[in-house]
Amino acid sequence: LFDGIYPFYLQQRKVAVFDVSTIIVIVVFLTFTCSFLLIIPGIRGRARLYWTLRVLLSLLVGVVIVAVQFTGDWETGWVTANTSYKSFSHALVNADIGLHVGLAGVNITLRGNPVHQVNETIDYNEHFDWSFDADYDHSYSEGLERGLPSPILYLAEKFTTQSPCNVHRQYRISGHYASATLWVSFCTWLISNMLFSMPVLVYGGYMLLVTGAFIFFSLLSFSTVRNSPMCLIQFGTASLHIGYGGSFWITLVTGLLCFVAGIAIVALHYFNLDLLKTFFDLREDKTEECQEMTEVYVNTYYVKKGL
């Protein structure tokens, strides 16, 4: 270390799965949640429970839609293998090798078992971006110039445009459209919350169904990467296989939650409107509806004029 930093790694490396953007999104939504929990004691009766369920479920959907845009575990894979560490060297190291695919790039992790081997600290995490404003091949070339360990370069090479695997374009396009449809679902989620604040609950339910539909469109878009068979990733006798990661399954559960909530709201609108209004605290007080006017004031001038 030189003044607390690695001299040849001046830029901050993007960590696998969670990065600064994801943490910022979570903190923002946690702030909204804490603010709501501070005012919830002021709501009386059973409406307090209904408000809590509605707001927390809505915030949960919102934070998932935004956070998974920046996570790096839509597809993941791990393998423990004895592999070469550097080019032009016969030294073998035992390490955990991880591949984390996100919507905007790929993270490759290399961690030694133990961390200190061949007189070095083997603990790497490298991010290669393939978003439309980034050049993946240039990032890979920079990794070659920096002399990254052979397992990282071997994995990164699988996703280059010149690779025989030919998966770069499929992953890039699929991730782009998955991200775009997720942002559309975030907009429909905002509209649904606006509609729920007005006495048009059934339209809010419809917008929840639209939100779930766009979430599923994003999942379908990303799942098209399976149409391009992945090349065999071999480290000695061990093979690395990747499958859908945590972000994919969390997004799927969130889409199902939107569908279930939307269908329930639409069904209650047609079969039990009073219960739906009670849940959204829009039911009018019957005592006020039936309350009779006890005193009537009549202006005699207008009464005589009318006669």
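1. Let me start inside helix H6. Setting aside residues up to four places away in sequence, Ser218 touches Ala178, Thr181, Leu182 and Thr251 (contact means heavy atoms within 4.5 Å). Ser218 sits in helix H6, and its relative accessibility of 0% makes it count as buried. For the cut-offs, buried is under 20% relative accessible area, exposed is over 50%, and partly exposed is in between, using a 1.4 Å probe and protein chains only.

2. A word on provenance before going on. This is a predicted model, in which local features need pLDDT of at least 70 and side-chain atom pairs count only at pLDDT 80 or more, while totals for chains, interfaces and linings use all residues. Residues are numbered from 1 along each chain as its sequence is written, and side-chain values use heavy atoms, with hydrogens and water left out.

3. Now the overall picture. The protein has 10 helices and seven strands; these are DSSP runs numbered from the N terminus, with helices being H or I of at least four residues and strands E of at least two. Of its 307 residues, 40% count as buried. Among contacts with a separation of 6 or more, 68% come from residues 24 or more positions apart.

4. Back to H6, this time with its partner. Helix H6 (residues 201–223) packs with helix H7 (residues 246–271) at an angle of about 155°, and their axes are 8 Å apart. The axes are lines fitted to C-alpha atoms, for helices over the stretch in contact, and angles run from 0 to 180 degrees between N-to-C directions. The H6 and H7 crossing is left-handed, that is, the near helix is turned anticlockwise from the far one by less than a right angle.

5. Helix H1 is worth a look too. H1 (residues 20–39) has 20 residues and reaches 29 Å from first C-alpha to last, close to the 28 Å expected at 1.5 Å a residue; that expectation is 1.5 Å times one less than the number of residues. Its buried residues are Thr22, Val25, Phe29, Thr33 and Phe36. They cover an arc of only 70° around the axis, which puts them on the same side of H1 (the arc is that of the directions from the helix axis to the C-beta atoms). The buried residues of H1 pack against helix H2 (47–67) and helix H5 (168–196). On the face turned away from that buried side are the exposed residues Val20, Ile24, Leu38 and Ile39.

6. Some backbone geometry to check. Most residues other than glycine have a negative phi, and most peptide bonds are trans. Here, the bond from Asn113 to Pro114 is cis, with omega near 0°, and Pro114 lies in strand S3 (residues 105–117). Val118, in the loop between S3 and strand S4 (120–129), has a positive phi near 45° and is partly exposed at 39% relative accessibility. Asn166 has a positive phi of about 60°; Asn166 is in the loop between helix H4 (150–157) and H5, and is exposed at 57% relative accessible area.

7. Last, which residues does Leu232 contact, leaving aside its neighbours within four places in sequence? They are Tyr154, Lys158 and Ser239. Leu232 lies in the loop between H6 and strand S5 (234–235) and is exposed, with a relative accessible area of 55%. Leu232 and Cys165 are 67 residues apart in sequence but 9.0 Å apart in space, C-alpha to C-alpha.
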